[in-house]
Amino acid sequence: MSTPAPAKPKLTLGRKKGPSEQAKKSQISYTNTVKPRGKSNRPQHTKPKEAGPTQVYVFNKPYMVLTQFTDADNRETLKDYIKVPDIYAAGRLDRDSEGLLLLTNNGRLQAKLTQPGEKTEKTYWVQVEGEPSPEKLNDLRYGVVLKDGSTLPAKVEIMTEPKVWPRIPPIRERQNIPTTWLAITIIEGRNRQVRRMTAHIGHPTLRLIRYRIGPWTLDNIQPGELVESSINVMN
């Protein structure tokens, strides 16, 4: 089945040079906005029961929220925001990262979205310290060698600062050291992969927002908001 061709997200000019091509918008219809916060009595399963028709939800994960429903240390988790029963995360997003997380009640779809062999593209908006040279960006495009092996080639472009919500607390910026926003698209999902990639080329990640997974994007979804998507990528 073919994936809808995405269209360019709206970005505002920031402090960095030159706009780049972004992950394009898909046409997504949303219903059933779910309001965040509060306690939940939902059962604590990790795999979908696959009861009834396939449901897919798009969640904009806030900074410092765990992508799980329980935590022994009483930190914020998905249960503080999500009240829909029997849906579970398709993949993970680091606690200190923000943005798109997919949840579904379909185990086959969950596997399809997370298995490396499926080659599902994920686009991240990444604010890094400094201004990477063209040569360093090419290193990311061709693949870099990390402790767990070489990364696959990535799509990497300099982008203008996106018009997104402020992070709380804000990033730590060093005086007289500029920052750069990059759009990085990969098909892998190693632990903290994008952060390790930018650190490898000498430009640590300061802020990381996942914007796109396959045909799903964050367009018009606020932090802590959950919406149901009409997209069905199952054959």
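Reader: How many helices and strands does the protein chain have?

Author: The model is predicted. Its protein chain has 235 residues, and 49% of them count as buried. The secondary structure comes to 3 helices and 12 strands.

Reader: Among contacts between residues at least 6 apart in sequence, what share joins residues at least 24 apart?

Author: One case is V126 and I184, which are 58 residues apart along the chain, with C-alpha atoms separated by 7.2 Å. For contacts between residues at least 6 apart in sequence, the share that joins residues at least 24 apart is 76%.

Reader: Which element gives the most residues to the largest nonpolar core?

Author: This core has 21 residues. Those with the most contacts inside it are V58, L100, L102, W125 and W216. β2, β4 (98-104), α1 (107-114), β9 (179-186) and β10 each supply at least two residues. The top giver, with 3 residues, is β10.

Reader: Which residues does L100 touch, leaving out those up to four places away in sequence?

Author: L100 is among the residues with the most contacts inside the largest core. Its partners beyond four places in sequence are V58, F59, L93, R210, Y211, R212, I213, W216, T217 and L218.

Reader: How many residues are in the second, separate core?

Author: L93, L182, V194 and M197 are included in this second core. L93 is also touched by L100. The size of the second core is 17 residues.

Reader: Is M197 buried or exposed?

Author: M197 lies in helix α3. It touches L140, V144, L146, T151, A154 and I186, neighbours up to four places away not counted. L146 is 51 residues from M197 in sequence, yet their C-alpha atoms are 7.6 Å apart. The relative accessibility of M197 is 1%, under the 20% cut-off, so M197 counts as buried.

Reader: What covers the buried residues of α3?

Author: The buried residues in α3 are Q193, V194, R195, M197 and T198. Their cover includes β5, α2 (134-142), β6 (145-146), β9 and β10.

Reader: What is the relative accessibility of V126, and which residues is V126 in contact with?

Author: V126 lies in strand β5. Leaving aside neighbours within four places, its contacts are T180, W181, L182, I184, V194, T198, T205, R207 and L208. V126 counts as buried because its relative accessibility is 0%.

Reader: How many aromatic pairs are there, and why is W125 with Y211 called stacked?

Author: A search of the whole structure finds 3 aromatic pairs. The ring centres of W125 and Y211 lie 4.4 Å apart. Their planes meet at 10°, under the 30 degree limit, so the pair is stacked.

Reader: Which strands does the pair of W125 and Y211 link?

Author: W125 and Y211 are both buried. They are 86 residues apart. The strands are β5 (residues 122-129) for W125 and β10 (residues 205-213) for Y211.

Reader: What is the geometry of the pair F69 and Y88?

Author: F69 is in the loop between β2 (56-61) and β3 (88-89), and Y88 is in strand β3, 19 residues apart. F69 and Y88 are both buried. The centres are 6.3 Å apart, with 80° between the planes, and the pair is edge-to-face.

Reader: Which residue has its charged end over the ring of Y63?

Author: The charged end sits 4.0 Å from the centre of the Y63 ring. It belongs to R167.

Reader: Which residues are closest to the centre of the largest pocket?

Author: The largest pocket holds about 510 Å³ of space. α1, β5, α3 (193-200) and β10 each supply at least two residues of its lining. Of the 30 lining residues, the closest to the centre are R92, Y124, G189, R190 and R210.

Reader: Where does a cis peptide bond occur?

Author: Most peptide bonds are trans. Here, P169 is placed in the loop between β8 (155-159) and β9. Omega is near -5° for the cis bond from I168 to P169.

Reader: What phi values do M64 and R192 take?

Author: Neither residue is a glycine. M64 is in the loop between β2 and β3, and R192 is in the loop between β9 and α3. Both are partly exposed, with relative accessible areas of 27% for M64 and 32% for R192. Phi is positive in both, about 65° for M64 and near 50° for R192.

Terms used:
Residues numbered from 1 in each chain as written. Predicted model: local features only at pLDDT ≥ 70, side-chain atom pairs only at ≥ 80, totals over all residues. Heavy atoms only, no water. Phe/Tyr/Trp six-rings, centres within 6.5 Å; stacked < 30°, edge-to-face > 60°. Helix = DSSP H or I, 4+ residues; strand = E, 2+ residues; numbered from the N terminus. Buried < 20%, exposed > 50% of the residue type's maximum accessible area, 1.4 Å probe, protein only. Lys NZ or Arg CZ within 6 Å of the ring centre and 35° of its normal. Core = buried A, V, L, I, M, F, W, Y, C linked by side-chain atoms within 4.5 Å. Contact = heavy atoms within 4.5 Å. 1 Å grid on protein atoms, 1.4 Å probe; cavity = no way out; pocket = protein on both sides within 12 Å on 5 of 7 lines; lining within 4 Å. Points joined across faces, edges and corners; volume = space filled by probe spheres on them.
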